[in-house]
Protein chains: 2
Amino acid sequence: MGRWQPDARARLQEAALALYGERGYEETTVAEIAERAGLTKRTFFRYFTDKREVLFWGSELLEQQMVAAIEAAPASTSALGLIGAALDAAAVRFEEVREFAGPRHRIIASSRELQERELIKAASLAAAMARALRARRFGDTVAALAARTGTTVMHVAFEQWVDDPNQTAFQQIARDALAQLREIASTG
Amino acid sequence: MGRWQPDARARLQEAALALYGERGYEETTVAEIAERAGLTKRTFFRYFTDKREVLFWGSELLEQQMVAAIEAAPASTSALGLIGAALDAAAVRFEEVREFAGPRHRIIASSRELQERELIKAASLAAAMARALRARRFGDTVAALAARTGTTVMHVAFEQWVDDPNQTAFQQIARDALAQLREIASTG
DNA sequence: ACAAGTGATGTCACCTGGTGACATCACCAT
DNA sequence: ATGGTGATGTCACCAGGTGACATCACTTGT
């Protein structure tokens, strides 16, 4: 036992998720989140750079795992094949947090500020995947296009997944979406 | 002549662009922008909902023109063909504002807040194009994938275009990028 | 065992973005 | 002239965010 209650970060995250869900993101104050966690506004800002970031802790981990999947794939894999591998890695992570995904997604969908933050996380992810593709000797344009296509497929698949009454696996949905994209691109 | 200096909005935009460029976005205060335009902080917020929006005035027009291009295309056009038509419409607009595009782009690239705003504008554009595709009887998934692919190609092409020493036409760059995307999707 | 850290937290003062309520003031229509 | 009307100014206020400094429980060197 330390001198303070442990897991301050986790307590702040729980408090924020609960309050954002109960009263809405904009109607919730950082001071209220901190109070609910038994802490201070100032301490909140020591753990999270701003009021939005508390919902996005762990996105770097996802990014690392998707990049690692690209790096670990066989040498002859095509660009979109590597994106498929990255999406499979994302699927593992998403299934782990399935129970929180719905509520969190609805909160984000309710606020423009939060959507903006989610989009820049996706852009960061795309940039990281593009770097990994360039390291594999793909050209700049191909790397950028394939990487952003990866986040496109991820988001489209994610939205189908969170609301799916059949609880279909994310991997399944994402693979189907990627196949559909290939189809679109080869048609016409 | 009116009772006030006319074009308050334009003056605010000019002042903001100049100050963001000279001193940086974060170091510039809304009060300073308003003062430079001979107005008040309160008036700034009557024209623009926030400090970021002053750089994005006119994005609805681009959105409308791209959607109109989709609606005006021949009935048998494929999904990516429609996206190509939308990109051609965007090209017209971009060439009109080429001289401002570079400075504006560098300002946006310098600030996370501004990048977030740009990304949500792109998301709004993608949603509008997806609606236009659904109105053409494309399925939800196809519409969402194709529309987001359109913004992907637009952004990748835009970045090549603004820094291009040869001043290549945006339309050319965008068409090449779209062709490359088709190539990626059909390979492997 | 005691002094000197160390690190997480609290306190306080402050700036800036953003908003609501109300006052002005030039022009316009009747 | 009289009473709108619409763009602007004034003022007070809240919340997000930050820097500087104080606390205080525990750790470490001697």
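**View 1. Six salt bridges are counted between chain B and chain A.** The model is predicted. In one of these salt bridges the side chains of A:E53 and B:R112 meet, with 3.4 Å from N to O. Across the interface of chain B and chain A, eight residue pairs are found in polar contact, both partners having pLDDT 80 or more. On the side of chain B that touches chain A, at least two residues each come from α5 (79-96), α7 (112-135), α8 (140-162) and α9 (170-186) of chain B. The largest share of that side, twelve residues, belongs to α8(B). Sorted by class, the side of chain B that touches chain A holds 14 nonpolar, ten polar and eight charged residues.

**View 2. Chain B and chain A bury an area of about 2,900 Å² between them.** The size of an interface is often expressed as the accessible area lost when the parts come together. Here carbon and sulfur atoms give 63% of the buried area. In chain B, the residues that lose the most area to chain A are B:L145, B:R148 and B:I184, which together make up 21% of what that side buries. Contacts join 32 residues of chain B to 32 residues of chain A.

**View 3. Chain B is superposed on chain A by a rotation of 180°.** The shift along the rotation axis is 0.0 Å, and the RMSD of the superposition is 0.1 Å. The two chains are therefore related by a two-fold axis. The same surface serves both copies, as 100% of the contact residues of chain B recur in chain A. Which residue of chain B comes closest to the rotation axis? B:E116 does, with its C-alpha at 2.5 Å.

**View 4. DNA strand D is surrounded by 22 residues.** The closest are A:R3, A:K51, A:R52, B:R46 and B:Y47, so both chains are represented in the list. The side chain of A:R42 has a polar atom 2.9 Å from a base oxygen of DNA strand D. The elements giving two or more residues to the surface near DNA strand D are α3 (41-47) of chain A and α3 (41-47) of chain B. That surface has six nonpolar, six polar and ten charged residues. Of the atoms of DNA strand D within 4 Å of the protein, 56% are in sugar or phosphate, and the rest are in bases.

**View 5. DNA strand C is surrounded by 22 residues.** A:T43, A:R46, A:Y47, B:K51 and B:R52 are the closest. In chain B, a polar backbone atom of B:K51 lies 2.7 Å from a phosphate oxygen of DNA strand C. Two or more residues of the surface near DNA strand C come from α3 of chain A, and two or more from α3 of chain B. By class, this surface has six nonpolar, six polar and ten charged residues. Sugar or phosphate accounts for 50% of the atoms of DNA strand C within 4 Å of the protein, and bases for the rest.

Methods. Residues numbered from 1 in each chain as written. Chains lettered and ligands numbered in written order. Predicted model: local features only at pLDDT ≥ 70, side-chain atom pairs only at ≥ 80, totals over all residues. Heavy atoms only, no water. Polar contact = N/O pair within 3.5 Å; in protein donor to acceptor, adjacent residues only side chain to side chain. Helix = DSSP H or I, 4+ residues; strand = E, 2+ residues; numbered from the N terminus. Nonpolar A, V, L, I, M, F, W, Y, C, P; charged D, E, K, R; others polar. Contact = heavy atoms within 4.5 Å. Buried area = accessible area lost by both parts, 1.4 Å probe. Salt bridge = Lys/Arg side-chain N within 4 Å of Asp/Glu carboxyl O. Least-squares fit on C-alpha atoms with pLDDT ≥ 70 in both.
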